Amino acid sequence: MRLILPASTISCLVLAPFLFEAYTFSLYVKGDGTFFTFSGARLWFFLISELCLGTILAMLSSTFRGILLRLILSASALSILILLLFQFCDHRQCYDSGPGNMGWLTLWALLFVTVSTGMLVGLVLKKKADFANNKNHVRSRSIAGFVFSNTTCLFLAYYPYAILYNTSQEYAVGIPLLIYAATVPFALSGIVASLFDIRKALLSSVCIGMASGPVLIALFYSFRTSGSVLVPLVVIVIGTATTILARKYAHDLLAKQQNHNAYGTKKKAAAMACVVIITGFFISASHPFLDVPMDLEKTGSSGHQTENVSWNLPTYYSGLIYTHEHFPTKRVEIEVDFADLNQSILQNGSPVLAGMGAQSPNCCKDGLDYGYRADILFGSNGNRYLVARAWGVCDQNVACSAMPWQQEIHKGIVPLQSESRRVALAMEIDSDERFARWYYKTAADDRWSVFSSFQLPDIENPYFNIGDFKDISPLAVLFNPPSGVAHFYQFGIASSNKAALDYGKASISFSCPAYYTIDDNQRHCISEVEPVKDGGSHWKALWKWGATLPY
């Protein structure tokens, strides 16, 4: 019985998520609409189940050595789960690994630190005094303290660091998030270290801080949105100092309080730490009201490119949305008139982009979708470029590695040679040849010409979505504030410079945004449009075309 219960619990680390995933996919195969409900709940089911099972594993162990052994076995079990989710599965069901194919590792790490945190909770709930200074278990207690301190840091820093590294954020959001990521996880890590009375405390604290930071960098390196070097360095330096100070302060405070009841004092401190750790994690994991505005100026060497060495800032965006209920189409168009634009005014500012964007769904991996844009880039050097881009993005669904990321899957930039001041843009998906194509034509030459194309991902549905997707979930507003709506088709203007954006809005106009019906291929101009309000340019959950322009 002593072996059966731990073995069963470890096997449940694999079985519970796998069976939940199998049932969710069966709903998709049957075309059951509740698939999306279960799909959205997968991440939270995985995390809560692994946290609870980790707690049970620790409560079933009588020694630190036994806990460490079970943590190793849990890591092996989670490796099997990752193989089942990413490799040994129906190609429609297999999880997406994201940029650099590293999503399997980040998901494994998230589940592992969740199990480890559950074990820390299990230690607190146990009746035996595992936190007492038992001289017979000094070595194993020190090792356990080092392990739990690091996994606590990784557990709390996982989502703040993923958001900082994987997305573009304004300073008003990014700076507080950076401060949190560089202090709170490391402070709790130092407090956990103090509970275990780790030998060579100063050296251990330095090692904890210096170990957690590089692990975070390694986990998210392939997901980064820019060549930023400042953010990870700041986290490592400030985090290490925070760990040292927090461990010393907590150790000294416990020493003053535990003269008469060492076990009781430590257990209360550990319980309080666990409550803070779990609460902090789930708040950062859900990140309510967080937006992910994109950096549309990052276009490449053929046009203008924004290089932020220390921070990846989004562009400001102003546009209009098509408010009809969403439906599929194979082609969308827009006409851009810039007869009143004087590009010499932009020479002291940033370039301006004007064009349209549309969403395209993935076939079965809920949370993974594609964004397409066709733009004209008006450079500060007086040149004009046609810009075609497509991205794959994840909104944190576990099927695409459980965190927000974006991956540019196509980029085409060509000079616009015509002197015409009116240019029409089109994006088209050819489902037969599995190609996406970008077209343009000018007022001087009324013929459509292809200026960019690429072969579609194998798993993508061969059409665009346009119109509004109104999520009826009461929590939708948390992820697409303020309305909770995703606007699949938009057209507008973007720039990183507020003055340039204002000038572009006054000098550039759009006409006849259009789509083609799938059944009869008839062209229809859109009339049901409204301006983007309160920064609500979301084209899917979390993701939007740019930041709110403050006035």
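Trainee: Hi! Which residues make the nonpolar surface patch of about 220 Å²?

Mentor: Hi there! That patch is made by Leu5, Ile56 and Leu60. Keep in mind as we go that this is a predicted model.

Trainee: Noted. Where is Leu5 found?

Mentor: Leu5 is found in helix H1.

Trainee: And how accessible is Leu5?

Mentor: Its relative accessibility is 41%, so Leu5 counts as partly exposed.

Trainee: While we're on H1, at what angle do H1 and H2 pack?

Mentor: The angle is about 175 degrees, and the two axes lie 10 Å apart. H1 covers residues 4-30 and H2 covers residues 35-59.

Trainee: So is H1 roughly parallel or roughly antiparallel to H2?

Mentor: Roughly antiparallel, because of that angle. The cut-off for this label is an angle over 145 degrees.

Trainee: How do the residues of that contact divide?

Mentor: The contact of H1 with H2 has 18 nonpolar residues, four polar ones and three charged ones.

Trainee: Switching to salt bridges: how many does the structure hold?

Mentor: There are 17 salt bridges in the structure. One of them pairs the side chains of Arg331 and Glu428, at 3.2 Å from N to O.

Trainee: Why does Arg331 count as buried?

Mentor: Arg331 has a relative accessible area of 8%, and buried means under 20%.

Trainee: What about Arg373 and Asp375, buried or exposed?

Mentor: Both Arg373 and Asp375 are buried. Their side chains also meet in a salt bridge, with 2.9 Å from N to O.

Trainee: Which residue does Glu408 pair with?

Mentor: Glu408 meets Lys411 in a salt bridge through their side chains, at 3.6 Å from N to O. Glu408 has 35% relative accessibility, so it counts as partly exposed. Lys411 is also partly exposed, at 38%.

Trainee: Nice. Now backbone angles: what is phi of Ser401?

Mentor: Phi of Ser401 is near 85 degrees, a positive value in a residue other than glycine. As background, most residues other than glycine have a negative phi.

Trainee: Where is Ser401, and is it buried or exposed?

Mentor: Ser401 is in the loop between strand E7 (384-395) and strand E8 (404-415). At 0% relative accessibility, Ser401 counts as buried.

Trainee: And what's phi of Asp534?

Mentor: Asp534 has a positive phi too, near 55 degrees. Asp534 lies in the loop between strand E18 (529-531) and strand E19 (543-544). With a relative accessible area of 66%, Asp534 is exposed.

Trainee: One last topic: which helix holds Ile244?

Mentor: That's helix H8, residues 230-257. Ile244 is partly exposed, at 25% relative accessibility.

Trainee: How far apart are the C-alpha atoms of Ile244 and Val206?

Mentor: They are separated by 6.6 Å, although the two residues are 38 residues apart along the chain.

Terms used: Residues numbered from 1 in each chain as written. Predicted model: local features only at pLDDT ≥ 70, side-chain atom pairs only at ≥ 80, totals over all residues. Heavy atoms only, no water. Axes fitted to C-alpha atoms, helices over the stretch in contact; angles between N-to-C directions. Helix = DSSP H or I, 4+ residues; strand = E, 2+ residues; numbered from the N terminus. Parallel < 35°, antiparallel > 145°, perpendicular 65-115°, else oblique. Nonpolar A, V, L, I, M, F, W, Y, C, P; charged D, E, K, R; others polar. Patch = residues over 30% accessible without salt bridge, like charges linked within 9 Å, V, L, I, M, F, W, Y side chains within 5 Å. Areas by Shrake-Rupley, 256 points an atom, 1.4 Å probe, with all protein chains shown as cover. Salt bridge = Lys/Arg side-chain N within 4 Å of Asp/Glu carboxyl O. Buried < 20%, exposed > 50% of the residue type's maximum accessible area, 1.4 Å probe, protein only.
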